Amino acid sequence: MKNTPAYEPSQSLVERYQPRSLSEVRGHSKIVESLQGFVSQPTTKAFLFVGPPGVGKSGTGRALAQNLGVPVDELLGGLRAIIGANLTITNLKELASTMSHPPMLGSWKMILVDEADSMSDRVEKEWLAILE
């Protein structure tokens with residue numbers, strides 16, 4: 001098991017125990033194996049993690065970012081975490097335009113859309129068009 005970082009009062013338990021790399025993800029060995037294969041030969045790709053709340057979808061996405069060397073700081077152009085319900089056509093287009101610029105650190109950028117099922121139909125269609 002991983003070394004648990006020192007407790008910080010501002011951290012929630014989820015943040016404290018969230019996996020920091022794919023090797024720390026538990027209970028999803030086939031998924032982890034597949035993602036580790038991707039990390040060894042990364043290409044531009046979209047992944048869809050599906051499951052009930054609390055099974056580790058976001059944590060696995062963040063662990064994947066760590067394994068790819070994606071900076072978790074949005075200001076550095078690395079991992080961008082957003083809530084699907086908060087997306088509008090305007091900010092989706094702005095987000096897509098920033099993805100064409102190289103990150104300040106690392107080789108990869110990553111967008112993690114939490115609760116993608118809460119996007120409006122219009123935003124979802126635009127998102128899928130951007131991904132294609």
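Helices here are DSSP runs of H or I with at least four residues, strands are E runs of at least two, and both are numbered from the N terminus.

This is a predicted model, where local features need pLDDT of at least 70, side-chain atom pairs count only at pLDDT 80 or more, and totals for chains, interfaces and linings use all residues. Residues are numbered from 1 along each chain as its sequence is written, and side-chain values use heavy atoms, without hydrogens and water.

**Helix H2**

I looked up which residues of H2 are buried, and found Val32, Leu35 and Phe38. They lie on the same side of H2 because they cover an arc of only 115 degrees around the axis, taken from the directions from the helix axis to the C-beta atoms. An α-helix has 3.6 residues a turn, so residues three or four places apart point the same way. On the face turned away from the buried side I noted Ser29, Lys30, Glu33 and Ser40 as exposed, that is, over 50%.

**Largest pocket**

I then turned to H3 again: it gives six residues, the largest share, to the lining of the largest pocket. A pocket is an open set of points on a 1 Å grid over the protein atoms alone, with protein on both sides within 12 Å along at least five of seven lines; lining residues have an atom within 4 Å of a point. Of the 50 lining residues, I listed Phe47, Phe49, Ile111, Leu112 and Val113 as the closest to the centre of the largest pocket.

Note on methods:
Buried means under 20% relative accessible area, exposed over 50%, partly exposed in between (1.4 Å probe, protein chains only). On a 1 Å grid over the protein atoms alone, a cavity is a set of points where a 1.4 Å probe fits but cannot get out, and a pocket is an open set with protein on both sides within 12 Å along at least five of seven lines; lining residues have an atom within 4 Å of a point.
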